[in-house]
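Here is a short report for a first look at this structure. Look over the sequence and the model, then read on.

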Amino acid sequence: MIPPVMMSAFGELDIRRVPFTRKEMLSAFDQADLLALDYLKTQSLLSTNSAVLVVNETFGAMTCGITQALLPLQGPLPVLWSDSHMAHLGLQQNAGANGLPTACFVQAQNTPQGPFNIVILRLPKSHALLCDQVQRMLPQLAPGAVIIMPVMVKHIDNALYQLLESLFGPLTTSLARKKARLIFAINDLAGAGDSPKPQENFWSIPSLALSLQHFSGVFGRTKLDPGAQVLLDQFPQGPYSCVIDLGCGNGVQAIAAAKKWPNARVIGYDESYMSVASATINAANNEVAEQCKFIANDCLTNVGPQTADLILCNPPFHQERVVGDQIAMRMFAQSAQVLTQNGELWVVGNRHLGYHAKLKRWFRQVEQIGAHPKFVVLKAKL
Ligand SMILES: C[S@@+](CC[C@H](N)C(=O)[O-])C[C@H]1O[C@@H](n2cnc3c(N)ncnc32)[C@H](O)[C@@H]1O
């Protein structure tokens, strides 16, 4: 089990991942977070006038550390900008658990309004999201603002470093400590101004007559995911009255369901705010807005029991850089609670992930639908 105590130069905080579990095996912060906090302290960068923007951190550790540091200085609270609902929950829960006020949170499809003079930028896995965020963030920075990028050394390579140089101009780096490093840039723009609109990508599925919009953080933003295609090819026959698209991304499964069963209510859940925003736009553009609703959520948390007779799920196999099936397992466990007695969970996944055996922990009947060399579609019933 991982102890939740985060000890930085500003003091001690109890920082946990969400959802909170008694036997947490993964830490909610890393050495790069601690290095950034210690740097802010040793360089005395925080003052009454600090306007701090934190970007993309996963559970609010640094934002809480900076809040802790700014409180006695009576400086404004930092702002956390992220695409992740889990990060939002992490910030709220960790701030609350430590008796700190909750910093302002801005969803990634919106642009935080500056001017900011310090930015702590955790680099997202998606370069598209990174470029989009930087282009919208730069006009919101004060001249001379310092941009600090805490990284674990294993996550930075030449290509990423060059991309950062192309976005920020010349960079400098700190010495490495415990496999973490800081990358620095200085904003040399003349002053804060208007930010461009968030970047969007469009593609269509002619066979289903669907056209889909994607903000930069949306899964499968450049083309239809092969797993999603396999599920669309093996779509259930129905009819159904309440359908959930669990991990809805751009909403493709939800919209296909709404078109197939025009009397069904369809709800899509995703932890990515950009996904929820894109899916909402896509339902409207494909004329099923009345039937569909998209909600930011961690899996099916707080969804009522026995409410859906079909759940469609193309689960994630990583959480940012952490690969594993922990989220898929939570999706399956919660689906068993949310399905009606005769309800069905349809899952698509890579064959090697072994979802068939795993689903049997919660479902009595698990049946494979169709055959594909790489993917399986599984129908699970209670
Ligand atoms: C493999 S993609 C599937 C997207 C879309 N349904 C499709 O078929 O193309 C998995 C989706 O799960 C979402 N996701 C990841 N963690 C989640 C969580 N804890 N709760 C809800 N959705 C989550 C991701 O943001 C991503 O959009």
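What radius of gyration would a compact globule with 382 residues have, and what does the protein have?

## Overall shape

This is a predicted model. A compact globule with 382 residues would have a radius of gyration near 21 Å. The protein has 22 Å, which agrees. Along its principal axes, the C-alpha trace spans about 60 × 45 × 35 Å.

The secondary structure comes to 10 helices and 20 strands. Take the contacts between residues at least 6 apart in sequence: 72% of them join residues at least 24 apart.

## Inside and surface

Of the 382 residues, 55% are buried. The accessible surface comes to about 16,900 Å². Carbon and sulfur atoms hold 54% of that surface.

## Charges

The protein carries 30 positive and 27 negative side chains. The centres of these two sets lie 8 Å apart. Some charged side chains pair up: the count comes to 7 salt bridges. Three of these pairs are described below.

## A pair across the sequence: Asp-33 and Arg-122

Asp-33 forms a salt bridge with Arg-122, and their closest N and O atoms are 2.7 Å apart. Asp-33 lies in helix α1, residues 31–42. Arg-122 lies in the loop between β6 (116–121) and α4 (127–137). The pair therefore ties together parts that are 89 residues apart in sequence. Asp-33 and Arg-122 are both buried.

Arg-330 sits in helix α9, residues 326–338. Asp-298 sits in the loop between β14 (292–296) and β15 (308–313). These parts are 32 residues apart in sequence, so the pair ties them together. Is Asp-298 buried or exposed? Asp-298 counts as buried because its relative accessibility is 5%, and the cut-off for buried is under 20%.

One network remains to be named. Salt bridges that share partners join Asp-30, Asp-33 and Arg-122 into it.

## A partly exposed pair: Arg-16 and Asp-14

Arg-16 forms a salt bridge with Asp-14. The closest N and O atoms of this pair are 2.9 Å apart. Arg-16 has 28% relative accessibility, so Arg-16 counts as partly exposed. Asp-14 is partly exposed too, with a relative accessible area of 25%.

Methods. Residues numbered from 1 in each chain as written. Predicted model: local features only at pLDDT ≥ 70, side-chain atom pairs only at ≥ 80, totals over all residues. Heavy atoms only, no water. Salt bridge = Lys/Arg side-chain N within 4 Å of Asp/Glu carboxyl O. Buried < 20%, exposed > 50% of the residue type's maximum accessible area, 1.4 Å probe, protein only. Helix = DSSP H or I, 4+ residues; strand = E, 2+ residues; numbered from the N terminus. Rg over C-alpha atoms; globule rule 2.2 N^0.38 Å. Contact = heavy atoms within 4.5 Å. Areas by Shrake-Rupley, 256 points an atom, 1.4 Å probe, with all protein chains shown as cover. Lys, Arg positive; Asp, Glu negative; His and termini not counted. Charge placed at Lys NZ, Arg CZ, Asp CG, Glu CD.
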